[in-house]
Amino acid sequence: MRAHVDQRQAQVRALVRARGSVRVTDLALELGISPVTLRRDIEAMAARGEIHRMHGVISRVEQPQPPTGATRGGTTGAPERPATQGGEGLVVGMVVPTTEYYYADVVRGAREVVEARGARLTVGLTRYLPGEDRTQADRLLSTGADGLLLTPNWDTGSPGPGEGAWTAELPVPTVLVERWAPPGHPAAALDRVGSDHAHGAARAVRHLVDSGHRRIALACQETPTTARLRAGYEAAVDALGLEPAPPWPQLAGGPLSVADRFARALDYLCEAVTTGGVTAALIHSDTDAIMLIPRLQARGVRVPEDLAVITYDDEVAGLADVPLTAVAPAKREVGARAAELLLDRLASGAAKAGAVAGAGARAGAGATEEPPRQHLELLPRLTIRP
């Protein structure tokens, strides 16, 4: 029994060391143990000073840093550490809404690259709470993050009026992940890596047209992905000369509940097929599609005979009773490319600092000019299932 407890606690230490902090409920689920058992382990480990515990979250115990007499780039309390070309010894902070569903693969891709280059990834979760993205970014900086991979809580995927300027004022290199800022916004000058959701939607429309459909609907709830999906869908409909589908119903009043949003999508698709001449639809997301299909059939809309369906995200589309054709953003690759870009940026900064220090005031020091910022968009894949 003792060996089993020691092994379990070693797993907890390793996960906390790798991630910086983690919610107790999430950790219990991941390890497949009861919250009661995990809390006993946490109490024992906290008493030994191996972890910190507060408000349902545990975090690693930071090792004391030797005094350096200086702070980095104005970051209060952030210890100075030498960076290496390969990334060894660096800490990469990553702020994401969740480590579940879509972002599980994004985080996985980033972690693989970070660890392969000898660095360490720490994660802060926001759960889409207002203001929490900045809180988590500040926390990661205070514990020594050398750079940030950042997915801010922007409702439409880009900042609203007066929103998000703080992301451009962070004192360390920062890469936006699955977020973008329009030209003229301060955050537009940041490196960023994301999925070209507009291309993904257009690719789905093109596939449906190739299958003989001429009136295609888009059904999607309001998420940070929606605006780009709708832009790609509308552009494809226009470019291919398709007959327009009935417009998506506009909201009246305040925000809808989950049940009301789902009912709106169901009503829209039924009416689009029965009176609007629609024969195919792109549905975001997979889970919505899997829930909608049996309800559509119960109301007399046969899938795929009356309505061909393509889903967007491809998280669980292949697990439907009849596997669904889906568009899959390259989530893992997005995380990997973002991590590579950030580590390269950190290495470039370290090389520049070394060159300037060695060259002093010589004119040749200008040769270490910072590389241009990059905006990378990865194209989603279409997976056709019978």
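A salt bridge is a side-chain nitrogen of Lys or Arg lying within 4 Å of a carboxyl oxygen of Asp or Glu, and the structure shown above holds 16 salt bridges. This is a predicted model, in which local features need pLDDT of at least 70 and side-chain atom pairs count only at pLDDT 80 or more, while totals for chains, interfaces and linings use all residues. Residues are numbered from 1 along each chain as its sequence is written, and side-chain values use heavy atoms, with hydrogens and water left out.

Side chains of opposite charge can pair when their charged atoms come close. Helices here are DSSP runs of H or I with at least four residues, strands are runs of E with at least two, and both are numbered from the N terminus. To say how far a residue is covered, we call it buried under 20% relative accessible area, exposed over 50% and partly exposed in between, using a 1.4 Å probe and protein chains only. R8 counts as buried because its relative accessibility is 10%, and D41 is buried as well, with a relative accessible area of 4%. Leaving aside neighbours within four places in sequence, D41 is in contact (heavy atoms within 4.5 Å) with V5, R8 and Q9.

R332 counts as partly exposed at 37% relative accessibility, and E112 is partly exposed at 39%. E333 forms a salt bridge with R381, where the closest N and O atoms are 2.4 Å apart. Since E333 lies in helix 10 and R381 in strand 14 (residues 381-383), this pair ties together parts that are 48 residues apart in sequence. E333 is partly exposed, with a relative accessible area of 30%, and R381 is partly exposed too, with 45%.

We can now turn to the strands, where two strands are said to pair if DSSP finds at least two bridges between them. Six strands form an open sheet in the order 5-4-6-7-8-13, and their pairing is parallel. Strand 5 (120-125) and strand 13 (375-378) stand at the edges, each with a single partner strand, so one side of each is left without a neighbour in the sheet. From one strand to the next, the twist averages 20°, where axes are lines fitted to C-alpha atoms, for helices over the stretch in contact, and angles run from 0 to 180 degrees between N-to-C directions. Helix 4 packs on this sheet, touching strand 4 (91-96), strand 5, strand 6 (147-150), strand 7 and strand 8, and its direction makes about 175° with that of strand 4. Within the sheet, strand 7 (residues 174-177) and strand 8 (residues 191-195) pair in the parallel sense over three bridges, and V177 stands opposite V193 in strand 8.

Helix 5 (residues 132-142) has as its buried residues E132, D133, Q136, A137, L140 and L141, and what covers them includes strand 4, strand 5 and strand 6.

Another strand to follow is strand 9 (residues 216-220), which is largely enclosed by the rest of the structure because five of its five residues are buried. In a regular strand the side chains alternate between the two faces of the sheet. In strand 9, I216, L218 and C220 point one way and A217 and A219 the other way. Strand 9 pairs with strand 10 (residues 280-284) in the parallel sense over five bridges, with C220 opposite H284.

Finally, consider the nonpolar cores, each a set of buried Ala, Val, Leu, Ile, Met, Phe, Trp, Tyr and Cys residues joined through side-chain atoms within 4.5 Å. Of the 48 residues in the largest nonpolar core, L296 and L307 touch the most other members. The elements giving two or more residues to this core include strand 9, strand 10 and helix 9 (286-298), while helix 8 gives the most, with eight residues. Apart from this core lies another, of 30 residues, among them M94, L125, A338 and L346.
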